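Hi everyone, thanks for coming. Have a look at the sequence and the structure, and then I'll walk you through a few spots.

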Amino acid sequence: MFSLEQLLQIVRRNTYKPFQDIMTQGKLAEAFHVIYAGQVDVIIDGKVISRLGTQSLLGERSICSLGDVIKPCAATIRPVTSVVITYSWPRPSLLELFIKDDRMYVSRLFCEFAENLFSYSIAYFDMLYSN
């Protein structure tokens with residue numbers, strides 16, 4: 001049976017510098033990210049359309065597409081602050097969890113987890129990665 005602990009076991013902490021793209025428009029997202037610190041530009045067709053910061057979700061459209069229609073990233077995500085820290089879940093690991101269990105149940109649980117991530121998980125991540 002799927003559990004939140006399984007999601008916590010596969011989470012990774014990432015550090016990005018300016019102009020080190022996190023995602024590229026038109027390509028498959030390699031991971032689902034939540035911004036922990038810093039800001040990023042959202043770029044579509046070479047134009048900055050938005051700026052996102054802490055608690056923003058990145059790559060959910062591409063990661064959560066299952067089955068025959070896999071959606072590429074709709075935008076390029078580029079850091080604009082000196083450091084951007086994200087927590088991420090790699091696509092292969094997430095898909096493995098999704099496939100092992102009822103897809104609808106896992107997808108709903110993962111989306112709920114992502115939406116509430118900052119309310120109950122950041123302290124855990126800080127403890128996990130402080131060493």
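**Pockets, a sheet and one alanine**

So, the largest pocket first: about 230 Å³ of space lies in it. A quick word on terms: on a 1 Å grid over the protein atoms alone, a pocket is an open set of points where a 1.4 Å probe fits, with protein on both sides within 12 Å along at least five of seven lines, and lining residues have an atom within 4 Å of a point. The volume is the space filled by probe spheres set on the points, which are joined across faces, edges and corners.

Before I go on: this is a predicted model, where local features need pLDDT of at least 70, side-chain atom pairs count only at pLDDT 80 or more, and totals for chains, interfaces and linings use all residues. Residues are numbered from 1 along each chain as its sequence is written, and side-chain values use heavy atoms, with hydrogens and water left out.

Of its 15 lining residues, G59, E60, A74, A75 and I77 are the closest to the centre. Helix 2 gives the most to this lining, three residues, while helix 2 (60-63), strand 3, strand 4 and strand 5 (57-58) each supply at least two. Helices here are DSSP runs of H or I with at least four residues, strands are E runs of at least two, and both are numbered from the N terminus. By type, the lining has eleven nonpolar, two polar and two charged residues.

Now pick out A74, in the loop between helix 2 and strand 6. A74 touches Q25, I44 and R61, leaving aside residues up to four places away in sequence; touching means heavy atoms within 4.5 Å.

On to the sheet: three strands, open, antiparallel, in the order 4-3-6. Strands count as paired if DSSP finds at least two bridges between them. Strand 4 (47-52) and strand 6 (76-79) are at the edges with a single partner strand each, so one side of each has no neighbour in the sheet. Strand 3 (residues 40-44) pairs with strand 6 over four bridges, and V42 has I77 of strand 6 as its bridge partner.

Last stop, the second largest pocket, with a volume of about 150 Å³. Its lining includes Y16, D21, H33 and C73.

Conventions
Ala, Val, Leu, Ile, Met, Phe, Trp, Tyr, Cys and Pro count as nonpolar, Asp, Glu, Lys and Arg as charged, and the others, Gly among them, as polar.
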